[in-house]
Amino acid sequence: MRPLRYAFLAIPLLGLAELAAHFWFAKRPPTSDEWAAVVPAVRQTKLDGDLLVVSPAWADPAARSALGDALMPLRDVARPDATRYPHALELSILGEHTSELAGWREESRRVEGKFLLRRLENPSPVHVVYDFVDHARPPFADVRGTEPPTVCGWTTHAPIVAGGLGGHPTFPAERFECPGGSYFNVGVTVIADEEFRPRRCLWSHPFARGEIVTRFHQVPLGRVLRGHGGLYWIIERKKAGAPITLTVRVDGDTVGTAVHRDGDGWAPFQFDLGAHAGAAAAEVEFAVSTPSYNERHFCFEADTR
Amino acid sequence: MTRNGGWKRSLGDAAIALSLALGYVVWLLRTTKDLGYARDEGFYFQAAQSYGRWFEALLTDRHAALARPAVDAAFSVNHEHPALIKSLFALSSVFLQKRHHLFAVEGDSYRFPAMVLAGGVVGLVYVWGTQARGRVAGLTAAVLLAAMPRFFFHAHLACFDVPIVTMWTLGAYMYWRSLRDGGVLFPLLAGLCFGLALDTKHNSWFLPIACGAHFLALQVWAILARTRVGPLLPVPPAPGTTRRRGFAALVAMALLGPAVLVALWPWLWHDTVPRVREYVLFHLNHEYYNMEFLGKNYWAAPMPRGYAWLMTAATVPTVTLVLFAVGLAVRGRLWLVGVGRWLAGKRVTLRAETPVDAAGTDVLWLLCILINYAAWLSPGTPIFGGTKHWMTAYPFLALFAGAGFSAVVGAARAELFRSRRRSAIVRRFAASSWAPAVVMGAAVAAAPITETVRSHPWGLSSYTPLVGGAAGGASLGLNRTFWGYATGAVADFLDREAPPQGASVYIHDTAGPAWDMLLRDGRIRKDIRGVWSIAGADFGIYHHEMHMLGQEYQNWVAFGTVRPAYIGGLDGVPVIWVYETERIAALHGHGR
């Protein structure tokens, strides 16, 4: 028999195989009903303080829609990184896993329909003593400008301002408002980093001159002060802006300075607190400045651990 | 075949082509209501409305309408693109809709001309495939082109992307007919069609390059045949008369094409040279848009060289691509064998039954594919429209696929003939002239048609099983949508959820005129206002594109939640989602 005698059958068989594969792939992801059905299992598995991560990332909106803010709060969804979480619950579909939790030890796993729930333990957990973004409001914090000296007043009902298509992040109703226009404020917002991941941070657009200083009172300190800074990537990627300097002072002592240059992305910084380490109540200032303030949409987050 | 039989066959083919075209247009019309309006459609609606007013003025006061101020005022709108297709949109709106109310909604009247042209190219591919490679090849090619999900998506739109596919293919077909049939008519038609293509979209600039390269190939082929290499050529060259016909067609294209462009684009009637220069420079220096590819957002050169190839593999049904490869191999086998024997130092002898393809059909089709993909070999070429920019290659890809399928059916028939003594069923099957083609055709077309039907109205989110379908495309980091057209998919949600006194919606990537058309069509309640800022809006729409994720985060802070109130998408993959205020959520008992 000639080996290629029936080769023509490969084409219709391929067509039928593609048809079967189409339906197989189309039915693999969970429907909205299946997302709703997994909620009780997530509630049972996720403990207080656990980070909930969805894999693959494109399924995140479906997960958020089903699970809601209680299980997936903005603080976690737009986390600076995963280092602060002692445990995470990975809600996985299609056999995919997030690289963010690579190296974490699996404590338990549970299959629920199309979902795999894995509770993971951070191999290097840290204890966050104080999160500055969480406390960016009176009476914990105040904001001022230095040249000329100005005070940025706190409000809980400022008009929300959003940049729209290609524009700046949303300025929330609760924020410190400074003179000079809506850009000059300090409030909790979310920027898209260089991978367009959400990062919750303190908007801190520098003034034309001097510093915009956010001061925190009665801060219990850990060993280091650690954080990230960046700009909405659409702005930063043009690499056309001036460098931005973030200076951190503890009780008047400068403990570190981080210079952010366009293109750095969501850049980490960490300062050793030296003699201030372990203080029960310190005053911590974050001072942001730039030689040229055009499109300096700087946003930072920090904690002490 | 008798002359009478030839006429009957031609009439039959014309009827089949017309049926395919009409059937496709009906399919498009019946599915268009599910599709929101794309950004560019919004801009073309505006242009068509401006053109339409001019056409109406032309009927009432021709002298005033033809004066420069009136012409420039009407055609300055969106003058970075030629006028032909927008003129058709305008004429359809003015005559078919405003005067005769042929369509259920106004938007359909603008989309209708592009749908007709989409049907036209499906019919044309049948005709060309049939004339060149037989009915089985022609019909298969037409079906496989129609059943490409991305082509089907674009075929709905009041845009230029499918119309240029039609005009480009028509121009190439007329050039081919010039070579095959000679005479005066087809070179003139080639010139006219090139002009129509020029007045459709700038992809037309590649058409004379493809035809010119083909003409050169025929010349080189003929020259080689006269040298010592000649006896080694596996296929004889086209005769001199054919080559002269090709030259005539190219001359007609060179002379008539620009003349037709200027004649049918009133914007060029004045200040012609500077305006043509402005038009050409706009497209030669087109800005870079954002495009996600393999999980990375590209927004400036260098763009990824693999983009066009991988996206073709990921979006054109695999069986179509495999049949294309089969067709290419089958049609190229003489060359491949010849080159192989030449490399082995053996003399090539032509088989007596090898027909001389004077029009060099395979070479022309292949060049039409390669030229249309060539721009994407340069990392400097902007990527701003996904697969639509090389869609002009798809009719030729389908034609090779049709030829491939015809060869596969031929192999099946031969095997059935050999096996005819085994059983009565095989004997009857082997005796039938159409049964093997129908059975195998059904198996081949099932996946492309199913993928196309199921992709709607999420055509830009659709990926083939080769990459894991829509979910696989999302996991690979391939673009999920662009143009903001998916708003149509959330219209029912907005109508249902907006309070009785009306509401405001941040419409994100939806163009203003596209949103307005949804309102005019009655697809969204007229008391729902589109707004440009999330702040203060009752709803916030988010169309997912990687570089637009900042927009989603604007919604989170403005609405105080990360929980979408509604998600629309394909096969479990979110494409568009909507946020709502706490007040609206409370109205409907939605939690957060």
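This is a predicted model: local features need pLDDT of at least 70, side-chain atom pairs count only at pLDDT 80 or more; totals for chains, interfaces and linings use all residues.

How many of the 7 residues of strand 10 (residues 198–204) of chain A are buried?

1. Strand 10 of chain A has 7 of its 7 residues buried, so the strand is largely enclosed by the rest of the structure. Burial is taken here as under 20% relative accessible area.

2. Two pairings of this strand can be described. Strand 9 (residues 185–192) of chain A and strand 10 of chain A run antiparallel and share 7 bridges, with Ile191(A) standing opposite Arg199(A) of strand 10. Strand 10 of chain A also pairs in the antiparallel sense with strand 17 (residues 298–304) of chain A, over 2 bridges, and in strand 17 Cys299(A) is the residue that stands opposite Trp203(A).

3. The hairpin made by strand 9 and strand 10 of chain A has 5 residues between the strands, and in this hairpin Phe196(A) takes a positive phi near 60°. For the backbone in general, most residues other than glycine have a negative phi, and most peptide bonds are trans. The next two points collect further exceptions.

4. Gln218(A), which is not a glycine, has a positive phi near 50°; its place is in strand 11 (residues 212–219) of chain A, and at 61% relative accessibility it counts as exposed. In chain B, His508(B) likewise is not a glycine and has a positive phi of about 55°. His508(B) is found in the loop between strand 3 (503–506) and helix 22 (512–520) of chain B, and with a relative accessible area of 2% this histidine is buried.

5. One joins Ser55(A) and Pro56(A), with omega about 0°, and Pro56(A) is found in the loop between strand 1 (51–55) and helix 4 (60–71) of chain A. Another joins Glu147(A) and Pro148(A), where omega is about -5°; Pro148(A) lies in the loop between strand 6 (141–146) and strand 7 (149–155) of chain A.

6. In chain B, 5 strands form an open sheet of mixed pairing, in the order 4-3-5-7-6. Strand 4 (528–531) and strand 6 (566–570) of chain B stand at the edges with a single partner strand each, and therefore one side of each is left without a neighbour in the sheet. From one strand to the next, the twist averages 25°.

7. Within chain B, strand 5 (residues 539–543) and strand 7 (residues 573–580) run antiparallel and are joined by 5 bridges, and His543(B) stands opposite Ile576(B) of strand 7. Which helix lies across strand 6 and strand 7 of chain B? That helix is helix 4 of chain A, which runs at about 45° to strand 7 of chain B.

8. A last point concerns the surface of chain A, where Tyr6(A), Leu9(A), Leu13(A) and Leu16(A) form a nonpolar patch that together has about 350 Å² of accessible area. Leu16(A) has its place in helix 1 (residues 10–27) of chain A, and with a relative accessible area of 42% this leucine is partly exposed.

Note on methods
Residues are numbered from 1 along each chain as its sequence is written. Chains are lettered from A and ligands numbered from 1 in the order in which they are written. Side-chain values use heavy atoms; hydrogens and water are left out. Patches are made of residues with over 30% relative accessible area and no salt bridge: like charges are joined within 9 Å, nonpolar side chains (Val, Leu, Ile, Met, Phe, Trp, Tyr) within 5 Å. Accessible areas come from the Shrake-Rupley method with a 1.4 Å probe; for residues, only the protein chains shown count as cover. A salt bridge is a side-chain nitrogen of Lys or Arg within 4 Å of a carboxyl oxygen of Asp or Glu. Helices (H or I, at least four residues) and strands (E, at least two) are DSSP runs, numbered from the N terminus. Buried means under 20% relative accessible area, exposed over 50%, partly exposed in between (1.4 Å probe, protein chains only). Two strands pair if DSSP finds at least two bridges between them. Axes are lines fitted to C-alpha atoms, for helices over the stretch in contact, and angles run from 0 to 180 degrees between N-to-C directions. Contact means heavy atoms within 4.5 Å.
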